[in-house]
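Biologist: I have a new model open and I'd like to go through it slowly with you. Start with the words you'll be using, please.

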Amino acid sequence: VEVYTVADLSTLWVELAVPPADLAFVKEGTAVRVRGEGESRGEGRVVFLSPVLDPETRSARAVVELPNPEGKWSPGGFATAEVATEEQR
């Protein structure tokens, strides 16, 4: 019987499916803008990029570390991500 669960949700991981055509633009450390359900918006960085394509989706799995200090993001939700391919001053 589980009485309670302790979780630190101050930082979340967002899993992305990266199509092969976009792999050249995604690397560890790449900045990512994330939009969640409703009005949730945030920015994170890629912390992992799988070197292997998923045989079913034909895409690579990327993990974005997303700061969540105010707790506006909930685990299990859906999100859309935009990867910054170039930065200019």
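Modeller: A residue is called buried when its relative accessible area is under 20%, exposed when it is over 50%, and partly exposed in between, with a 1.4 Å probe and protein chains only. The model is predicted, so local features need a pLDDT of at least 70 and side-chain atom pairs count only at pLDDT 80 or more, although totals for chains, interfaces and linings use all residues. Residues are numbered from 1 along each chain as its sequence is written, and side-chain values use heavy atoms, with hydrogens and water left out.

Biologist: What does Val63 touch, if we skip residues up to four places away in sequence?

Modeller: With those residues set aside, Val63 touches Trp13, Val14, Glu15, Arg45, Val46, Val47 and Phe48, and touching, or contact, means heavy atoms within 4.5 Å. If you compare positions along the chain with positions in space, Val63 and Leu16 are 47 residues apart in sequence, yet their C-alpha atoms are 6.2 Å apart.

Biologist: Stepping back, what elements does the chain have, and in what order?

Modeller: The chain has zero helices and five strands, and from the N terminus on they run β-β-β-β-β. The C-alpha trace spans about 45 × 40 × 20 Å along its principal axes, and 26% of the 89 residues of the chain count as buried.

Biologist: How many of the contacts join residues at least 24 apart in sequence?

Modeller: Among contacts between residues at least 6 apart in sequence, 61% join residues at least 24 apart.

Biologist: Which residues make up the largest nonpolar core?

Modeller: There are twelve of them: Leu12, Val14, Leu16, Val18, Val26, Val32, Val34, Val46, Ala62, Val64, Leu66 and Trp73. Strand 1, strand 2 (31-36) and strand 4 (60-67) each supply at least two residues of this core, and the largest share, four residues, comes from strand 1. A nonpolar core here is a set of buried Ala, Val, Leu, Ile, Met, Phe, Trp, Tyr and Cys residues joined through side-chain atoms within 4.5 Å.

Biologist: Which side chain makes a polar contact with the side chain of Glu15?

Modeller: That is the side chain of Arg61, at 3.3 Å. A polar contact is a pair of N or O atoms within 3.5 Å; within protein, one must be able to donate a hydrogen and the other to accept it, and residues adjacent in sequence count only if both atoms are side-chain atoms.

Biologist: And Arg45, how many Å is it from Glu15?

Modeller: From C-alpha to C-alpha, Glu15 and Arg45 are 12 Å apart in space, and they are 30 residues apart in sequence.

Biologist: Last one: why is Ser50 counted as buried?

Modeller: Ser50 counts as buried because its relative accessibility is 16%. It lies in strand 3 (residues 41-53), and its side chain reaches the backbone oxygen of Val52 at 3.1 Å. Not counting residues up to four places away in sequence, Ser50 touches Ala60 and Arg61.
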